[in-house]
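Visitor: Can you walk me through this one? I'd like to start with the packing, then the interfaces.

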Amino acid sequence: MNNLILAWRNLWRNRRRTMITSASVLFAVFFALLFRSLQLGSYDHMFRNAIESYTGYIQVQHKDFWDEKIVDNTFAYDSQKEQQLLSDENVIAAIPRFESFALASNGPQTKGVLVMGVVPEKEVHLSKVTDKMVKYRLTSESIEMIKQDPNISEKIKELAPLFENTAYTTASRLQLDLGISDKDASKYMPALERFAQFENGSIRMGEPGVWVGDKLSQYLQLGIGDTIVLISQGYHATTAAGKYEIKGIVKLPLPDLDNKIVYLPLDVCQGLYNAEDMLTSLALAVEDNDDKVIAETVERLGAVVSEDQKVMEWREMNEVMVSQMDADDKSGMIMIGILYLVIAFGVFGTVLMLTAERKREFGVLVAIGMQKKKLASIMTLEMLLIGLLGILAGAAVATVLILYGVEHPLIFKGEMAKMFEEYGMEPKMVFWGIDSYYIWQIVIVALMVFLAIGYPIRKIFGMKVVNALRA
Amino acid sequence: MIWKTAWKNVWRNKVRSLVVIVSVTIGIFGGVFAVAVMNGAIVQRVDAALNDEIAHIHINDPAFRDNYDIQLSIPNPEQVLSAIRETPGVNAVTARTQITGMANTATKSAGVQILGIDPDSEKEVFRLYETTLPETGNFFESESRHMLAYMGHELAKELNIIRFRIDQEVIDSLSGKAVPRELLDKLLPFEGKRFKSEKAFKKEIKGVLTLKEQHEYGGVIWEEAWSFRARSKMTLTFLDKDQVQTGAVFRIAGIYDIKNSMYEMSQVLVKNEDLMTLTGMAADEYHQMIIRLDDLESTVEVSASLAEKLPQLEVMHWKEIQPDLAMMTDMVQKFYAIFMVVILAALAFGIVNTMLMVVLERTKELGMLTAIGMNKKRVFHMIMLESVFLSLVGGVVGMIISQALIGVTAKNGINFASYAEGLEAMGYTAHIYPVISTSFFITVTVLIIITGILSSIYPALKALKLDPADALRTE
């Protein structure tokens with residue numbers, strides 16, 4: 001305790017220096033925390049998007065389907081097996097799917113698309129595709145109506161044309177794009193929502209209707225009620241072709257997927273590929289999505305599925321994304337590493353100065369009987385306190401921003417948004433709440449201090465009292 | 001005089017100055033090198049885009065890019081071509097047709113863009129042919145009675161045109177390449193096996209090899225197991241001019257590899273005349289004229305003068321075709337600067353601390369100097385210069401080391417093979433050649449000087465506040 005008091009008092013003998021050194025630690029901790037929070041938050045958000053709008057956490061597939069996504073690598077639906085899967089404690093629902101590739105066309109416009117046969121009611125458990133239906137769209141007519149309305153502010157009238165043809169799944173995003181504050185929302189939003197209203201129909205089992213991605217519909221110039229032609233290769237190399245009415249437009253948060261997805265009712269899709277009752281995958285909705293629990297669930301299910309099937313988890317199914325995130329993660333860590341290295345030198349500089357200016361004092365203290373060990377521990381405590389001050393202050397400032405950021409993610413507009421989408425990302429950056437990455441900063445700073453303290457401790461133990469007194 | 005004094009002052013307390021200098025050296029070195037690696041990746045991406053994928057300027061019907069309508073060809077192509085050739089600054093031009101279709105092999109299919117090209121002029125505009133993988137073909141050079149197609153590596157793997165196999169021959173040549181016996185024994189069970197896909201191959205190989213073996217010999221095994229059967233074929237199907245489904249079998253005339261999986265997956269090149277026969281287009285019907293310029297810097301001027309000459313057509317330069325690419329090139333420059341500023345700000349704390357020590361330590365001396373008539377401005381100057389020297393020495397050393405390392409690594413590049421899949425999906429190669437422009441070094445030097453000046457202000461003000469009489473009396 002005495003040591004601690006001495007160390008604390010020592011700190012304030014040169015207040016300025018202590019403050020500057022602590023401030024340098026604060027600076028590094030602040031940047032590192034904020035940067036990590038944004039990185040981790042964005043990864044989580046991207047994975048969540050991919051998992052929740054497409055793969056799900058766990059899928060049961062034909063064992064060769066993932067490596068070779070062809071219609072022949074499918075398995076017959078077996079309700080008994082499904083019951084067995086559902087009896088697992090972590091599995092909430094099994095969502096049957098038939099996934100394949102086709103060429104979609106509308107007159108002269110043709111494009112390769114991802115065909116997804118689904119049971120609309122069951123998707124509620126996983127992809128929640130009904131929540132992603134386009135609810136509003138700023139068509140040229142709706143922009144015209146906005147311009148005609150005398151009650152709408154000039155600013156909104158100016159902004160609206162910039163977002164011509166943009167589709168919205170929520171009113172809040174529309175509100176954001178048009179720069180309407182929450183305060184004004186009740187004044188403008190009802191009218192705007194009415195003008196931009198977009199009506200979708202549903203797809204039902206047995207009916208040849210489809211939902212298509214927003215970007216795909218724009219590329220193929222298709223609207224509700226139009227017909228889309230799908231051509232592909234069916235089961236056992238038969239020809240697959242069919243005409244379907246567009247019932248609705250969805251906007252998925254993954255631009256890549258939005259650009260190529262066509263949802264068909266499962267049985268209609270099986271009919272298209274001449275593969276009645278066959279499935280390419282059973283996506284499983286889970287109770288607990290913690291990494292470890294998922295791994296355990298996968299192992300349990302591995303014993304349940306038949307020989308020609310296998311169980312895959314989201315990480316395997318999103319390999320490319322995992323690898324991208326990994327590369328980004330490592331490069332982020334290197335940047336933070338460089339920052340900490342620089343700060344470590346600053347701390348070392350301070351230690352060096354402290355030691356040099358107290359050489360005589362150390363000599364005196366040891367001469368009058370202070371143990372070298374005690375002296376060293378005071379020095380160590382002193383530096384640890386400087387580090388601690390920096391960490392606490394840095395973490396405090398960063399935490400305020402992070403907690404705010406968790407509630408208010410950064411959303412990009414215009415050119416920036418386009419650039420994000422070009423890389424297959426949603427133009428949105430999400431913060432990650434307080435988590436183990438905080439601990440890492442503490443560990444790093446502590447390590448830094450211990451490395452720096454090596455020098456004065458060696459000096460203290462190697463000190464010749466007589467020489468020190470003369471310094 | 002004052003410069004010399006400041007310089008000598010730096011070296012009065014060597015250890016302390018060296019700590020600051022080394023920290024600046026490390027900070028600058030780390031920052032500059034990290035930037036060079038990032039920049040290298042981006043420069044390579046832009047190069048690939050300009051040389052292999054889009055070239056410099058595209059000319060087409062104004063509505064063509066909306067949905068690649070086969071009907072929207074360029075009217076009077078000969079006149080347009082000669083008008084383009086006459087434009088100063090144009091190095092080469094080639095004409096292309098472009099349609100959407102599907103590529104099929106016996107087992108697999110994929111949606112593709114089919115580009116009809118003229119091989120001779122194509123080579124003058126694009127360097128794509130230089131990336132042809134050895135022994136896969138020669139970019140339409142040899143005569144053939146079949147129709148020919150030139151495709152991407154990723155698509156070839158996807159369609160099983162490229163397969164992975166392990167047989168006696170592979171094992172023999174591996175042992176010829178000094179691969180240890182134990183490792184070959186592990187591969188023996190696979191003998192005679194053809195893998196269904198690259199993924200399946202990698203997975204099985206990973207299953208039997210240790211991490212170290214994978215790291216050391218994974219590349220060689222992959223290369224040997226990689227196999228392309230000469231005279232492979234695929235079927236391309238698409239809609240002709242009258243919206244009737246048509247298609248034909250094409251023999252592979254080469255496989256290109258540009259480390260951009262999206263492009264490789266989607267773009268198939270065939271000869272113009274073959275596409276014309278199949279689609280029923282006239283012999284000189286083209287959708288796009290693609291231009292390579294003498295000088296990239298003249299992009300905007302040349303495209304403006306072309307737009308003036310060809311008012312009925314859409315003229316777009318690469319920055320308009322891929323705005324994200326252009327925007328990224330601009331944005332990363334800012335990002336690099338911000339990154340360096342953050343590092344320098346972190347360094348500034350150390351410099352301020354040291355300079356503060358300098359001032360406090362020399363209280364008596366500074367008092368003496370003022371007492372004998374050195375004015376405040378000169379004192380301020382002297383301290384500021386010392387701080388600038390301190391940071392600049394470290395900065396220059398840091399820049400020299402990074403330049404040296406950039407020089408060394410630029411020769412063979414750095415291979416981030418374990419991240420290849422993710423990077424290539426975004427169009428970036430994993431084999432990066434670090435590079436940085438000279439102007440970046442100038443920017444960094446300026447930033448270092450500014451940091452030196454800013455971090456001296458507080459300590460120098462402290463020095464100015466000293467009362468010469470009091471200062472002289474201090475011990």
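Guide: One term to begin with: a nonpolar core is a set of buried Ala, Val, Leu, Ile, Met, Phe, Trp, Tyr and Cys residues joined through C-beta atoms within 7 Å. Bear in mind that this is a predicted model.

Visitor: Ok. Which residues touch the most other members of the largest nonpolar core?

Guide: A:Val262 and B:Ala149 do, in a core of 142 residues. The most residues, 7, come from strand E3 of chain A, residues 91–106.

Visitor: And what is A:Val262 in contact with, leaving aside neighbours within four places in sequence?

Guide: Its contacts include A:Ala104, the run A:Val113, A:Leu114, A:Val115 and A:Met116, and also A:Leu230. A:Val210 and A:Val212 are on the list too.

Visitor: What lies apart from that core?

Guide: Another core, of 97 residues; A:Val449, B:Val359, B:Phe389 and B:Ala463 are among them.

Visitor: Switching to domains. How is chain A divided?

Guide: Domain 1 covers 2–49 and 321–470, while domain 2 is 56–314. Their centres, taken over C-alpha atoms, are 46 Å apart.

Visitor: How many residues does the contact between them take?

Guide: 6 from domain 1 of chain A and 6 from domain 2 of chain A. The domain 1 side has 1 nonpolar, 2 polar and 3 charged residues.

Conventions. Residues numbered from 1 in each chain as written. Chains lettered and ligands numbered in written order. Predicted model: local features only at pLDDT ≥ 70, side-chain atom pairs only at ≥ 80, totals over all residues. Buried ≥ 20, exposed ≤ 12 C-beta atoms within 10 Å, placed from the backbone. Helix = DSSP H or I, 4+ residues; strand = E, 2+ residues; numbered from the N terminus. Contact = placed C-beta atoms within 7 Å. Domains from an automatic or database assignment. Nonpolar A, V, L, I, M, F, W, Y, C, P; charged D, E, K, R; others polar.
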